[in-house]
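Please look at the following note alongside the sequence and the structure. It is arranged as numbered points for a reader who is new to such models.

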Amino acid sequence: MLVSNSNLYTPLFYPNDPLGVLRTQQNRPEEGLALNLQSLAIRSRIRHGDIRIDIHWLLRQREMLGKERFEALVAEKVNDEESRQNLYAMMEAYEQALKEAEESTQDSDGDKGRRRRIRDG
């Protein structure tokens, strides 16, 4: 399936996404970073809901590269300061959502354990 955008046709299955993941898994995060940035740009342009996949892998790449190297590479690939700040904001929001989900899961597990201890008494 193809999507038309200014006479350019973009496949809905992004070849850059799996390649970015593969490069990261091959311990080649610098190559994966460029591919995931391209995939994120495409998904953002067409408002595709799976940008969280790119954000997840960009966070992993930042972890592997270190924040300073990651940001230097992003600056090479993303010329616009506002776009870089938007990227960092999306990454931060994703991390926060994961943290809240984890805390919620821990809370519900803890409540079950406490209820079980009270019941068993």
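Predicted model: local features only at pLDDT ≥ 70, side-chain atom pairs only at ≥ 80, totals over all residues.

**Note on the structure**

1. Helices α2 (29–45) and α5 (81–120) each supply at least two residues of the lining of the largest pocket. Helices (H or I, at least four residues) and strands (E, at least two) are DSSP runs, numbered from the N terminus. A pocket is found on a 1 Å grid over the protein atoms alone: it is an open set of points where a 1.4 Å probe fits, with protein on both sides within 12 Å along at least five of seven lines, and its lining residues have an atom within 4 Å of a point.

2. Residues are numbered from 1 along each chain as its sequence is written, and side-chain values use heavy atoms, with hydrogens and water left out.

3. The overall fold comes next. The protein has 5 helices and 2 strands, and the pattern along the sequence is β-β-α-α-α-α-α. Of its 121 residues, 28% count as buried; buried means under 20% relative accessible area, exposed over 50%, and partly exposed in between (1.4 Å probe, protein chains only). Among contacts (heavy atoms within 4.5 Å) with a separation of 6 or more, 52% come from residues 24 or more positions apart.

4. Which residues line the largest pocket? They are L37, Q38, L40, A41, S44, K77, V78, S83, N86, L87 and M90. Helix α2 gives the most to this lining, with 5 residues. The lining divides into 6 nonpolar, 4 polar and 1 charged residues. Here Ala, Val, Leu, Ile, Met, Phe, Trp, Tyr, Cys and Pro count as nonpolar, Asp, Glu, Lys and Arg as charged, and the others, Gly among them, as polar. The volume of the largest pocket is about 310 Å³, where grid points are joined across faces, edges and corners and the volume is the space filled by probe spheres set on the points.

5. The largest nonpolar core has 14 residues, and L33, L58, F70, V74, L87 and M91 have the most contacts inside it. The elements that give two or more residues to this core are α2, α3, α4 (67–77) and α5; α3 gives the most, with 4 residues. Such a core is a set of buried Ala, Val, Leu, Ile, Met, Phe, Trp, Tyr and Cys residues joined through side-chain atoms within 4.5 Å. Leaving out residues up to four places away in sequence, V74 touches L33, L37, R84, L87 and Y88.

6. Is D54 buried or exposed? D54 counts as buried because its relative accessibility is 0%. The residue sits in helix α3 (residues 51–65). Its side chain is joined to that of R43 by a polar contact of 2.7 Å. A polar contact is a pair of N or O atoms within 3.5 Å; within protein, one must be able to donate a hydrogen and the other to accept it, and residues adjacent in sequence count only if both atoms are side-chain atoms.

7. T24, in helix α1, also deserves attention. T24 counts as buried because its relative accessibility is 4%. Its side chain reaches the backbone oxygen of G20 at 2.8 Å, and a polar contact of 2.7 Å joins the side chains of T24 and Q61. Apart from residues up to four places away in sequence, T24 touches P29, G32, N36, W57, R60, Q61 and M64.

8. R23 lies in helix α1. Its side chain makes a polar contact of 3.2 Å with the side chain of E31. Neighbours within four places aside, R23 is in contact with R28, P29, E31, G32 and L35. The C-alpha atoms of R23 and L35 are separated by 8.9 Å, although the two residues are 12 apart along the chain.

9. The last point concerns N27, which lies in the loop between α1 (16–25) and α2. N27 counts as exposed because its relative accessibility is 61%. Its phi is near 65°, a positive value in a residue other than glycine. Most residues other than glycine have a negative phi.
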